[in-house]
Amino acid sequence: MEPVYILGGGRTDFKRNLKKEGKTIRHLITEAGKKALDDAKTDPAEIQAAAVGNFNAGQFTKQLHLGAFIPEIDPKLHGIPTMHTEAACASGALSVLLGAQWIMGGFYDAVLVVGAEQQKTMSSLDGSDVLGAAADYHIEKPEYGDFMFPKLFGRIAQIYIEKYGASEQELAWVAYKNYAHARLNPLAQMREADLTLDCASQVSDKNPSVAPPLKVSDCSQITDGAASLVLVSGKYLDRIGRDKSTLPRLLGFGHTTDYLALEKKDAPTFSTARKAAQNAFSMANLKPRDMQGAEVHDCFSITEILAYEILGLAEKGKGAELAKSGATALPQVRGEHISGKIGWEIPVNAGGGLIGDGHPVGATGVRQVHEAYQQLTEQASARQIEGVKRFLTFNMGGSLTTSVAMIWGRD
């Protein structure tokens with residue numbers, strides 16, 4: 001297969017409110033796309049195809065047919081084939097995977113990938129109903145009612161705690177860590193928020209319970225945002241004379257789909273999601289311990305703990321313990337809360353994750369890979385992971401229904 005490299009990337013500021021700016025999802029797509037092309041320093045005429053990851057712009061913004069906004073990024077993109085991918089919160093990762101597979105198969109040598117979502121268009125109640133389309137809506141909505149996803153993941157957290165004896169303190173550590181990481185990210189939605197570990201650990205007026213054991217601080221954000229990548233083949237880099245060793249390459253990937261309803265899944269093991277990770281590591285001929293950084297899907301704090309186990313960063317039932325150890329926090333964030341020696345460590349969600357950086361649903365999977373690109377090219381500034389050469393991303397949709405794991409590396 002033809003190797004796939006990231007030549008450039010860009011993203012928007014996730015703190016913005018596009019409706020208040022008088023802008024729409026078309027502006028998110030065009031802004032992020034232009035940033036990626038500028039960063040890649042490539043002529044837009046070189047781009048042969050494009051993929052757009054988006055979950056539910058039809059309901060959030062009354063706008064679909066999003067690939068038609070690609071020519072508005074630059075007139076030279078007019079006429080190229082485009083495609084829209086949707087798999088709930090994994091929509092962005094599927095757009096990256098689609099673009100990569102086009103290149104691997106030899107169909108195209110340069111592909112633009114954009115993930116975007118505009119969510120701040122309605123009330124939180126109405127927005128939660130739109131998000132409910134990522135679940136088995138007509139079966140699970142009557143059971144869980146309004147704000148379905150916090151309740152679904154609250155149930156997953158209850159199952160995990162009942163089985164493994166984890167505590168809310170571990171959940172709080174994930175939230176605290178990701179808010180602290182967000183303060184190091186100038187484009188993160190929660191970069192100005194200050195969540196203390198005490199506040200994250202206790203139900204209060206400032207941090208009310210949402211779906212026990214989950215509190216507000218355990219939840220990801222409602223976000224407007226976009227991220228974009230320019231993916232290219234090894235042949236293309238040879239033709240333009242770029243040094244491949246300086247650019248991140250896709251080393252392996254896995255993609256699986258489980259049943260839609262939570263009750264049909266084997267929570268909290270999620271063996272179908274595990275297959276995605278196993279396939280990625282097998283393709284890359286690497287092991288979890290070979291990773292130096294990761295971006296995982298933390299739509300809720302419990303999801304990050306599950307991801308540790310799904311990805312093999314922790315054994316079954318040990319994800320909460322890994323979180324509390326501080327091994328997944330950047331050294332500068334552990335601070336006073338972690339004492340003693342930490343063995344193997346792997347910073348997870350150094351940009352803040354979905355909880356701290358934000359979760360524009362269709363953009364999240366692309367944003368994760370953009371973070372991998374920045375880390376592997378040493379452009380992550382205050383949140384830079386030292387000596388990172390292998391980086392893992394894990395994006396999932398629904399109640400761990402669609403799972404996409406990718407391993408990126410630099411020679």
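## Helix α4 against α16

In this predicted model, Ser91, Gly92, Ala93, Ser95 and Val96 of α4 meet Gly362, Gly365, Val366 and Val369 of α16. A contact here is a pair of heavy atoms within 4.5 Å. By class, the contact of α4 with α16 has 4 nonpolar, 5 polar and no charged residues. Ala, Val, Leu, Ile, Met, Phe, Trp, Tyr, Cys and Pro count as nonpolar, Asp, Glu, Lys and Arg as charged, and the others, Gly among them, as polar.

Two packed helices are described by the angle between their axes and the distance between the axes. For α4 (residues 91-104) and α16, the axes come within 5 Å and cross at roughly 55°. The two helices are therefore oblique to each other. Angles under 35 degrees count as roughly parallel, over 145 as roughly antiparallel, 65 to 115 as roughly perpendicular and the rest as oblique. Axes are lines fitted to C-alpha atoms, for helices over the stretch in contact, and angles run from 0 to 180 degrees between N-to-C directions. Helices (H or I, at least four residues) and strands (E, at least two) are DSSP runs, numbered from the N terminus.

## Basis of the model

Residues are numbered from 1 along each chain as its sequence is written, and side-chain values use heavy atoms, with hydrogens and water left out. As the model is predicted, local features need pLDDT of at least 70 and side-chain atom pairs count only at pLDDT 80 or more, while totals for chains, interfaces and linings use all residues.

## Gln375 and the end of α16

Gln375 lies in helix α16, which spans residues 361-376. At 0% relative accessibility, Gln375 counts as buried. Buried means under 20% relative accessible area, exposed over 50%, partly exposed in between (1.4 Å probe, protein chains only). Not counting residues up to four places away in sequence, Gln375 touches Ala350, Ala380, Arg383, Gln384, Ile385, Val388 and Phe391. Ala90 is 285 residues from Gln375 along the chain, and their C-alpha atoms are separated by 21 Å.

Arg383 also forms a salt bridge, with Glu371; the closest N and O atoms are 2.9 Å apart. This pair links distant parts of the chain, 12 residues apart: Arg383 in the loop between α16 and β10 (390-397), Glu371 in helix α16. Arg383 is buried at 4% relative accessibility. Glu371 is buried too, with a relative accessible area of 1%.

## Helix α8 against α12

The axes of α8 (residues 168-182) and α12 (residues 301-310) come within 8 Å and cross at roughly 100°. The two are therefore roughly perpendicular to each other. Glu170, Leu171, Val174, Lys177 and Asn178 of α8 meet Ser301, Ile302, Glu304, Ile305 and Tyr308 of α12. The residues of this contact divide into 5 nonpolar, 2 polar and 3 charged.

What joins the side chains of Glu304 and Lys177? They meet in a salt bridge, 2.9 Å from N to O. Glu304 in α12 and Lys177 in α8 are 127 residues apart, and the pair links distant parts of the chain. Both residues are buried.

## Inside α12

α12 is mostly covered, with 10 of its 10 residues buried. Among them are Thr303, Leu306, Ala307, Glu309 and Ile310. Gly312 follows α12 and has a positive phi, near 85°.

Tyr308 belongs to α12. Its relative accessible area is 0%, so Tyr308 is buried. Leaving aside neighbours within four places in sequence, Tyr308 is in contact with Lys177, Leu313, Ala314, Gly319, Leu322, Ala323, Thr328 and Val348.

## Other charged residues

The structure holds 24 salt bridges. A salt bridge is a side-chain nitrogen of Lys or Arg within 4 Å of a carboxyl oxygen of Asp or Glu. Glu46 pairs with Arg239 in one of these, the closest N and O atoms being 2.9 Å apart. Glu46 lies in the loop between α1 (25-40) and β2 (49-53) and Arg239 in helix α10 (residues 234-240), so the pair ties together parts 193 residues apart in sequence. Glu46 is partly exposed at 26% relative accessible area, and Arg239 is exposed at 57%.

Asp136 sits in the loop between α5 (124-131) and α6 (137-144). Asp136 is buried yet has no salt bridge. The nearest side chain of opposite charge, Lys264, is 5.9 Å away. Lys and Arg count as positive and Asp and Glu as negative; His and the chain ends are not counted. Neighbours within four places aside, Asp136 is in contact with Lys141, Leu260 and Ala261.
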